[in-house]
Amino acid sequence: MGGRGLQWMTTLQILVSLGIGLASTAGFATPVQDRQNLLDYFAGKFPAIPPGNYVYGSLAFDPDSMAQYKSIMDFPPFGSVIDQAQQMWNTPFKNGKTYAGCFPDGGKNVAGNYPYFDVRSNKVVTFEMALNACRTANGEPAYAYGDPATLGKLTAYARTLSDGMLMNVKVDGAAAEAAFNAGKRLFYARRGQLGFSCASCHVMEAGARYRSEILSPVLGQATHWPVFRGGGDTPVTLQARFAGCDKMLRAQPFALGSTEYNDLEYFYSYISNGLPLKASVFRK
């Protein structure tokens, strides 16, 4: 399709291959059932891992790496970057207002509500989009979507204001469910020259070691981005990671902030509902 090499597998085929039942009489799971199916699947596959530990990704499978992570997080090497981003957050716009004025309670405990489906624009709105909307509403130019030095850095700090908040993404109404299902189809679609899907690694092979890395489950993946990888000071957003994965599959990535990646992030985030946000964090 359009040179992207997408090979669509139906939700039914994927779930049957995993041994996950479908509760809907119409033959297609609702978002609530999708999330519960995955919770049940991972509970059966990894009974010793509490669901709350999935916010740590692959660290949940490796006690040594978890210990290293906790040691690093005592004095995170990216602390100066978060300090810089905090200054960005607090610096008034030319009209004297700040980002805090665009969000309830000054931006505290709001990031877990994103992405959400906006009925007026008929599209998914991510937290990065909301931050840019704040800028333009106050007469400032939008940052480039995916730019780690501006929007990525700002997002990393803004999410710290919601650290510990439980993910609380809503899928209400037919249009919102259609966007969720579009993200779900992309998650289960085999694409690229290697013919893998997101689910290939993060459902079927979750917990397995690939080269030097352990593949993390989809549960909890949306809770801790942007991350700072390998001791670096450049924040990596969730959608940048989507693009990186597509490149590894030898598939043409979608643009950051595209409808495709926004819908995929919507699916990922809803699946992680009920798990606490972790911001900002280190990853290998």
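Predicted model: local features only at pLDDT ≥ 70, side-chain atom pairs only at ≥ 80, totals over all residues.
Residues are numbered from 1 along each chain as its sequence is written, and side-chain values use heavy atoms, with hydrogens and water left out.

The secondary structure of the protein chain comprises ten helices and seven strands. Here helices (H or I, at least four residues) and strands (E, at least two) are DSSP runs, numbered from the N terminus. Of the 284 residues in the protein chain, 49% are buried; buried means under 20% relative accessible area, exposed means over 50%, and partly exposed lies in between (1.4 Å probe, protein chains only). The accessible surface of the protein chain is about 13100 Å², and carbon and sulfur atoms hold 54% of that surface. These areas come from the Shrake-Rupley method with a 1.4 Å probe, and for residues only the protein chains shown count as cover. Among contacts in the protein chain with a separation of 6 or more, 68% are between residues 24 or more positions apart, where contact means heavy atoms within 4.5 Å.

The loop between helix 4 (79–90) and strand 1 (116–118) holds Pro115, which is joined to Tyr114 by a cis peptide bond with omega of about -5°. A cis peptide bond also leads from Trp225 to Pro226, with omega near -5°; Pro226 lies in the loop between strand 4 (213–214) and strand 5. Most residues other than glycine have a negative phi, and most peptide bonds are trans. Asn109 is not a glycine, yet has a positive phi of about 55°; with a relative accessible area of 43%, Asn109 is partly exposed. Asp105, also not a glycine, has a positive phi of about 50°. Asp105 lies in the loop between helix 4 and strand 1 and counts as exposed at 58% relative accessibility.

The interior can be described next. In soluble globular proteins, nonpolar side chains tend to be buried together. The largest nonpolar core has 71 residues, of which Phe42, Trp89, Leu131, Phe187, Tyr266 and Tyr268 touch the most other members. Helix 10 (residues 259–271) gives the most to this core, with seven residues. A nonpolar core is a set of buried Ala, Val, Leu, Ile, Met, Phe, Trp, Tyr and Cys residues joined through side-chain atoms within 4.5 Å. Leaving aside neighbours within four places in sequence, the contacts of Trp89 include Leu131, Leu154, Tyr157 and Leu161.

Helix 7 (residues 174–188) has 15 residues and spans 21 Å from its first C-alpha to its last, close to the 21 Å expected at 1.5 Å a residue; the expected span is 1.5 Å times one less than the number of residues. Among the buried residues of helix 7 are Phe180, Leu186, Phe187 and Tyr188.

Aromatic rings form 23 pairs in the whole structure. Rings of Phe, Tyr and Trp (its six-membered ring) pair if their centres lie within 6.5 Å; planes under 30 degrees apart count as stacked, over 60 as edge-to-face and the rest as tilted. The rings of Phe46 and Phe61 have centres 4.8 Å apart and planes at 75°, so this pair is edge-to-face. Tyr114 and Tyr116 also form an edge-to-face pair, at 5.5 Å centre to centre with 65° between the planes. Tyr114 is buried, with a relative accessible area of 15%, whereas Tyr116 is partly exposed at 32%. Ring pairs also link a cluster that includes Phe180, Phe187, Tyr188, Tyr261 and Tyr268.

Strand 5 (residues 227–229) and strand 6 run antiparallel and are joined by two bridges; two strands pair if DSSP finds at least two bridges between them. The bridge partner of Val227 in strand 6 is Val236.

Finally, Arg35 is found in helix 2 and is partly exposed, with a relative accessible area of 23%. The C-alpha atoms of Arg35 and Tyr268 are separated by 9.7 Å, although these residues are 233 residues apart along the chain.
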